[in-house]
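Glad to have you here! Shall we walk through this protein together, one question at a time?

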Amino acid sequence: APALYLPPYRCSGVGLALCRRLLEEDGRIHLCIACRNAVKCEATRDLLLAAHPAAWVSTVEADLGSLASVLRAARELRRRFRRLDFVYLNAGVMPNPHVNFKALWHGLFTGKVLHMLTTAEGIMTQTDRLNGDGLQEVFATNLFGHFILVRQLESLLCGNEKPSRLIWTSSSNARESAFSLSDYQHAKGQEAYSSSKYATDLTSVVLNRKFNKQGLYSSVVCPGLVMSNMTYRILPVFLWKLLMPVMWLIRFFAKTYTLTPYNGAEAHVWLFKQKPECLDALVKYHSCTSGLGKNYVEPRKIDVDEETAEKFYQKLLELEKQLLERHSDLLD
């Protein structure tokens with residue numbers, strides 16, 4: 001059975017829905033799920049086995065916001081597996097999100113409100129903080145932890161008989177305007193989430209250029225607007241209850257309002273069934289749901305500059321070198 005490694009930050013929301021849908025697609029896969037909390041990880045495994053008692057499901061503890069945890073998880077995975085066919089890079093945080101209601105109100109009168117509601121552009125900000133490694137938490141969790149994981153698992157991903165796949169969860173909120181090479185951790189701004197997702201798009205583009213010849217392919221997906229633990233923290237619960245009927249109506253005009261984790265995982269599952277050689281490295285695959293509830297995938301060109309992507313990749317390598325010197329005891 002092919003080995004498959006799925007690292008959601010919390011195995012809930014799109015991560016849990018994806019696990020279930022993958023097992024429905026192919027019950028022969030070895031599904032290895034990762035969470036930062038070992039107890040929740042085992043609870044997720046029990047949930048999956050309750051629905052698929054014959055499935056092959058294992059777990060590994062990994063906090064993508066901690067370099068030491070990522071290195072330990074990678075070492076454990078190298079010990080267990082000879083190859084990995086799929087790595088779903090799905091971890092994500094959005095600390096202290098704030099809605100700019102003034103900007104939203106202005107959007108109502110400028111005709112931009114639908115665009116703002118589907119991309120959160122101009123209405124969503126976050127207050128970031130440093131993690132234990134001295135990195136900005138959003139950058140570390142949403143991108144850098146994944147990057148280190150991929151680098152540490154290269155021996156399992158490259159040079160196999162069959163291609164291996166990286167599938168990153170990006171966002172329609174990924175915008176060039178929120179990203180800066182001079183501040184790629186987004187320490188000075190208030191749109192750390194958008195910056196980290198744009199950085200994800202840049203990284204995927206470069207990885208394809210560098211590793212396709214070694215049989216490793218990278219893709220990015222957008223799950224759309226999904227009601228998950230992350231989303232529910234943006235507004236008080238009573239407001240979400242009031243807004244939900246409106247959101248279901250908006251879906252007739254905004255196809256990226258997938259709303260449920262099952263719908264949000266559509267692009268992830270679609271990519272599971274595609275031949276990577278036939279995919280466009282400069283496309284993001286969006287999960288979409290029609291007003292009548294039909295799920296489908298829409299490819300959209302990624303708005304990235306390949307020269308910027310290469311420069312950013314070099315900065316990631318430099319940061320990696322600096323930080324790995326502190327954790328030589330966790331390296332083989």
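Predicted model: local features only at pLDDT ≥ 70, side-chain atom pairs only at ≥ 80, totals over all residues.

Q: What percentage of the 332 residues of the protein count as buried?
A: A residue counts as buried when its relative accessible area is under 20%. Applied to the 332 residues of the protein, that cut-off gives a buried share of 57%.

Q: Among contacts between residues at least 6 apart in sequence, what percentage join residues at least 24 apart?
A: Contact here means heavy atoms within 4.5 Å. Taking the contacts in the protein between residues at least 6 apart in sequence, the share that joins residues at least 24 apart is 75%.

Q: Is K284 buried or exposed?
A: K284 lies in strand β9, which covers residues 283-289. Its relative accessibility is 7%, and buried means under 20%. K284 therefore counts as buried.

Q: What span should helix α3 have, and how far apart are its end C-alpha atoms?
A: Helix α3 runs over residues 67-80, and its buried residues include L67, V70, L71, A74 and L77. At 1.5 Å a residue, its 14 residues should span 20 Å. The end C-alpha atoms agree with that, being apart by 20 Å.

Q: What span should helix α1 have, and how far apart are its end C-alpha atoms?
A: Helix α1 covers residues 13-25, and among its buried residues are V14, L18, R21 and L22. At 1.5 Å a residue, the 13 residues should span 18 Å. The end C-alpha atoms agree, lying apart by 18 Å.

Q: How are α6 and α13 oriented to each other?
A: The axes of α6 (residues 137-152) and α13 (residues 306-324) come within 11 Å and cross at roughly 80°. Angles of 65 to 115 degrees count as roughly perpendicular. So α6 and α13 are, to each other, roughly perpendicular.

Q: How do the residues of the contact of α6 with α13 divide?
A: On the α6 side the contact includes F139, L143 and F147, and on the α13 side it includes F312, L316 and L323. Sorted by type, the residues of this contact are 12 nonpolar, one polar and two charged.

Conventions:
Residues numbered from 1 in each chain as written. Heavy atoms only, no water. Axes fitted to C-alpha atoms, helices over the stretch in contact; angles between N-to-C directions. Helix = DSSP H or I, 4+ residues; strand = E, 2+ residues; numbered from the N terminus. Parallel < 35°, antiparallel > 145°, perpendicular 65-115°, else oblique. Nonpolar A, V, L, I, M, F, W, Y, C, P; charged D, E, K, R; others polar. Expected span 1.5 Å × (residues − 1). Buried < 20%, exposed > 50% of the residue type's maximum accessible area, 1.4 Å probe, protein only.
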